[in-house]
Amino acid sequence: GRSYCVRTQRMLNQCLESLVQKVQSGVVINFEKSGPDPAPVGEDGLVDSSRPINSFASQPWHSCHKLIYVRPNPKTGVPVGHWPIPESFWPDQNSPTLPPRTAHPIVRFSCVDCEPMVIDKLPFDKYELEPSPLTQYILERKSPHTCWQVFVSSSGKYSELGHPFGYLKASTTLTCVNLFVMPYNYPVLLPLL
């Protein structure tokens, strides 16, 4: 946080200008690592098996409470999204109320390198992640052609982790990391389509 001590009209204008610049439209998400750390990557971007993996020591990138930027449509000014982030429960028709949920979704990511999937004519949502230890770690791996799948625990009926609903991927230019949101269980759906 930050506090401002305003003494003059001019100072008030400067403070408001400063605040407006800091306001970003987006959604806060808790990103949590699921499973083991990835294999270390060498300078050439290839897996370096000589460096040990310490999956049990907690690292700053294992858990991040950060914003995803939700950019408005330039023509309408309204943000457009095609797919939701799944709920952390399987709907029960017999339940009269919905179970309580956290204000910020808990999105788990698996550090297994996967092939990014998109197909023509099926929309997907792409959100840039606010810089964090997680984005820094992904960018340092210099792997813009692989991605890490994301899950919401208990979103599937028979699986604790649920099915993937998208992935985290470094931009091709390695300047930022994006969250791609796809239809639920997209690795099964896309080949069928």
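Predicted model: local features only at pLDDT ≥ 70, side-chain atom pairs only at ≥ 80, totals over all residues.
One of the salt bridges joins D37 to K33, with the closest N and O atoms 2.9 Å apart. D37 counts as buried because its relative accessibility is 11%, and K33, at 17% relative accessibility, also counts as buried. E128 forms a salt bridge with R71, and here the closest N and O atoms are 3.1 Å apart. This pair links distant parts of the chain, since E128 belongs to strand β4 (residues 125-129) whereas R71 sits in the loop between β2 (63-69) and β3 (106-110), 57 residues apart. E128 counts as partly exposed at 26% relative accessibility, and R71 counts as partly exposed at 49%. A salt bridge is also formed by the side chains of E87 and R101, at 2.5 Å from N to O. Both E87 and R101 lie in the loop between β2 and β3, so the pair ties together parts that are 14 residues apart in sequence. E87 is partly exposed, with a relative accessible area of 33%, while R101 is exposed, with 58%.

A search of the whole structure finds 1 cavity of 30 Å³ or more, and the largest cavity has a volume of about 80 Å³. The lining of the largest cavity comprises 5 nonpolar, 2 polar and 3 charged residues, among them D113, R141 and W148. Strand β6 (residues 166-170) gives the most to this lining, with 3 residues.

Notes:
Residues numbered from 1 in each chain as written. Heavy atoms only, no water. 1 Å grid on protein atoms, 1.4 Å probe; cavity = no way out; pocket = protein on both sides within 12 Å on 5 of 7 lines; lining within 4 Å. Points joined across faces, edges and corners; volume = space filled by probe spheres on them. Helix = DSSP H or I, 4+ residues; strand = E, 2+ residues; numbered from the N terminus. Nonpolar A, V, L, I, M, F, W, Y, C, P; charged D, E, K, R; others polar. Salt bridge = Lys/Arg side-chain N within 4 Å of Asp/Glu carboxyl O. Buried < 20%, exposed > 50% of the residue type's maximum accessible area, 1.4 Å probe, protein only.
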